[in-house]
Amino acid sequence: MSRYTLGVDTSNYATSLAVFDTAGEVVCAKKRFLPVKPGQLGLRQSDALFQHVRALGQVTEQLRGQNPGPIVGVGYSARPRNQEGSYMPCFLAGEMAARTAASALGVPAFAFSHQQGDIAS
């Protein structure tokens, strides 16, 4: 029987969830880009955090019907870089969602940096 891992990332630009197989291949994924107002170059952290909180439920529901099998772990982006002091509030939404999912599923949760996810993809 195949086993799968759920990945959660809430960067300053997108809410992303994906399911990976044991070989690390993406089985299914959903992403929602955060809207930026015309004329602005990005989002304030408080705005990004709020948008992630609103988007996570919807993105999770879209992914739910595509889940191929049992989730055995949940990974999430907890910080921008794997370096002391690296912090952005927008990652708190993904951490909360990932740790809640892991607890509900009775599986471990693993924190990574957003940069590690970029390199892996």
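**Close-up 1. Helix α2 and its buried residues.** In α2, the buried residues are C90, F91, A93, G94, E95, A98 and A102. The structure shown here and in the other views is a predicted model. Helix α2 runs through residues 90–105. With 16 residues, α2 covers 24 Å from its first C-alpha to its last, close to the 22 Å expected at 1.5 Å a residue. An α-helix has 3.6 residues a turn, so residues three or four places apart point the same way. Just beyond the end of α2, G106 has a positive phi of about 70 degrees.

**Close-up 2. The second largest pocket.** This pocket has a volume of about 260 Å³. Its lining is made up of 13 residues, and L6, L17, T60, L63 and A101 are the closest to the pocket centre. At least two lining residues come from each of β1 (4–10), β2 (14–21), α1 (45–64) and α2 (90–105). Helix α2 supplies the largest share of the lining, 4 residues. By residue type, the lining of the second largest pocket has 10 nonpolar, 2 polar and 1 charged.

Close-up 3. The largest nonpolar core holds 17 residues, of which L6, V8, L17, V19, L63, I71 and V74 touch the most other members. Each of β1, β2, α1, β4 (71–79) and α2 contributes at least two residues to this core. Strand β4 gives the most, with 4 residues.

**Close-up 4. L63 in helix α1.** L63 is part of helix α1. Because its relative accessibility is 5%, under the 20% limit, L63 counts as buried. Leaving aside residues up to four places away in sequence, L63 touches L6, L17, A18, V19, C28, A29 and K30. V19 is 44 residues from L63 along the chain, and the C-alpha atoms of the two are separated by 8.5 Å.

**Close-up 5. Y4 in strand β1.** Y4 belongs to strand β1. Y4 has a relative accessibility of 11% and therefore counts as buried. Residues up to four places away in sequence aside, Y4 touches V19, F20, D21, V27, P68, G69, P70, I71, V72 and G73. Y4 and F110 are 106 residues apart in sequence, while their C-alpha atoms are 14 Å apart in space.

**Close-up 6. D21 in strand β2.** D21 lies in strand β2. Its relative accessible area is 25%, so D21 is partly exposed. The residues that D21 touches are R3, Y4 and V27, not counting residues up to four places away in sequence. Y4 is the residue of the previous view, and D21 is among the contacts of Y4. Between D21 and L6, which are 15 residues apart along the chain, the C-alpha separation is 9.2 Å.

Methods. Residues are numbered from 1 along each chain as its sequence is written. This is a predicted model: local features need pLDDT of at least 70, side-chain atom pairs count only at pLDDT 80 or more; totals for chains, interfaces and linings use all residues. Side-chain values use heavy atoms; hydrogens and water are left out. On a 1 Å grid over the protein atoms alone, a cavity is a set of points where a 1.4 Å probe fits but cannot get out, and a pocket is an open set with protein on both sides within 12 Å along at least five of seven lines; lining residues have an atom within 4 Å of a point. Grid points are joined across faces, edges and corners, and a volume is the space filled by probe spheres set on the points. Ala, Val, Leu, Ile, Met, Phe, Trp, Tyr, Cys and Pro count as nonpolar, Asp, Glu, Lys and Arg as charged, and the others, Gly among them, as polar. A nonpolar core is a set of buried Ala, Val, Leu, Ile, Met, Phe, Trp, Tyr and Cys residues joined through side-chain atoms within 4.5 Å. Buried means under 20% relative accessible area, exposed over 50%, partly exposed in between (1.4 Å probe, protein chains only). The expected span of a helix is 1.5 Å times one less than its number of residues. Contact means heavy atoms within 4.5 Å.
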